[in-house]
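Let's learn to read a protein fold together, one feature at a time. Have a look at the sequence and the structure first.

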Amino acid sequence: MRVLLLAVGRMKSGAEAELAERYRKRAAQAGRKLGLREIEIIEIKESRAAETAKRRIEESIALANLLPDRAVMMLLDEKGQSLGSGEFAQKIRAWRDGGSADLVFVIGGPDGVAQSLRDKAVLALAFGPATWPHQLARVMLLEQIYRAITILSGHPYHRE
């Protein structure tokens, strides 16, 4: 199964980018043993539209155009469901074992995503009720993907 992270906006160089890349590499390396082919990040530009609704629609169309057919899509959303790391790992296992070819995580822009894109998500995921900067949300997501992989492989990184 291929893992894609689609994000609105570019990760600027610095500590967050370095940490995100470190977790991406760790997850990619450890994930091969579990049938995860790659972990790819695709960034799209933020819309420059003056109106919020138009920005949301333009960015959502760009994200939707990158979704592979029949992909399992998970949307990061502050109003989404909070999952423990073990639950998150089990969802990844179920999608992989169910034959999903692509697992896609979407981080929308500052204005969120259009309802049409939200409707494609099998799960909206929140990292608690707080709003997080996109750079930190990306780091946290990549760390949770890595943690899920270590849970599924029996690696001692995760402790309960």
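Q: What should I know about the model before starting?
A: This is a predicted model, in which local features need pLDDT of at least 70 and side-chain atom pairs count only at pLDDT 80 or more, while totals for chains, interfaces and linings use all residues. Residues are numbered from 1 along each chain as its sequence is written, and side-chain values use heavy atoms, with hydrogens and water left out.

Q: In what order do the strands of the sheet stand?
A: First, the terms: helices (H or I, at least four residues) and strands (E, at least two) are DSSP runs, numbered from the N terminus. Two strands pair if DSSP finds at least two bridges between them. Here five strands make an open sheet, in the order β2-β1-β4-β3-β5, with parallel pairing. β2 (38-44) and β5 (123-125) each have a single partner strand and stand at the edges, so one side of each has no neighbour in the sheet. From one strand to the next, the twist averages 30°.

Q: How many bridges join β1 to β4?
A: Strand β1 (residues 2-8) and strand β4 (residues 102-107) run parallel and are joined by six bridges. In β4, L4 has V104 as its bridge partner, and L5 has F105.

Q: And how many bridges pair β1 with β2?
A: β1 pairs with β2 over seven bridges, again in the parallel sense. L5 stands opposite I41 in β2, and the partner of L6 there is I42.

Q: Is β1 buried or exposed?
A: Buried means under 20% relative accessible area, exposed means over 50%, and partly exposed lies in between (1.4 Å probe, protein chains only). Seven of the seven residues of β1 are buried, so the strand is largely enclosed by the rest of the structure. Both of its faces are covered, with R2, L4, L6 and V8 on one side and V3, L5 and A7 on the other.

Q: Which strands does β3 pair with?
A: Strand β3 (residues 72-81) runs parallel to β4, and five bridges join the two. One of the partner pairs is L76 with I107 in β4. β3 also pairs with β5 in the parallel sense, over four bridges, and Q81 stands opposite L125 in β5.

Q: At what angle do α3 and α5 pack?
A: Two packed helices are described by the angle between their axes and the distance between the axes. Axes are lines fitted to C-alpha atoms, for helices over the stretch in contact, and angles run from 0 to 180 degrees between N-to-C directions. Helix α3 (residues 85-97) and helix α5 (residues 134-153) pack at about 75°, with axes 9 Å apart. The two helices are therefore roughly perpendicular (angles under 35 degrees count as roughly parallel, over 145 as roughly antiparallel, 65 to 115 as roughly perpendicular and the rest as oblique).

Q: Which residues meet between α3 and α5?
A: Contact means heavy atoms within 4.5 Å. Among the residues that meet are F88, I92 and R93 in α3, and L141, I145 and R147 in α5.

Q: Is R147 buried or exposed?
A: R147, in helix α5, is buried, with a relative accessible area of 18%. R147 and R26 are 121 residues apart in sequence, with their C-alpha atoms 9.7 Å apart in space.

Q: What is the phi of R70?
A: Most residues other than glycine have a negative phi. R70 is not a glycine, yet its phi is positive, at about 60°. R70 lies in the loop between α2 and β3 and counts as exposed, at 80% relative accessibility.
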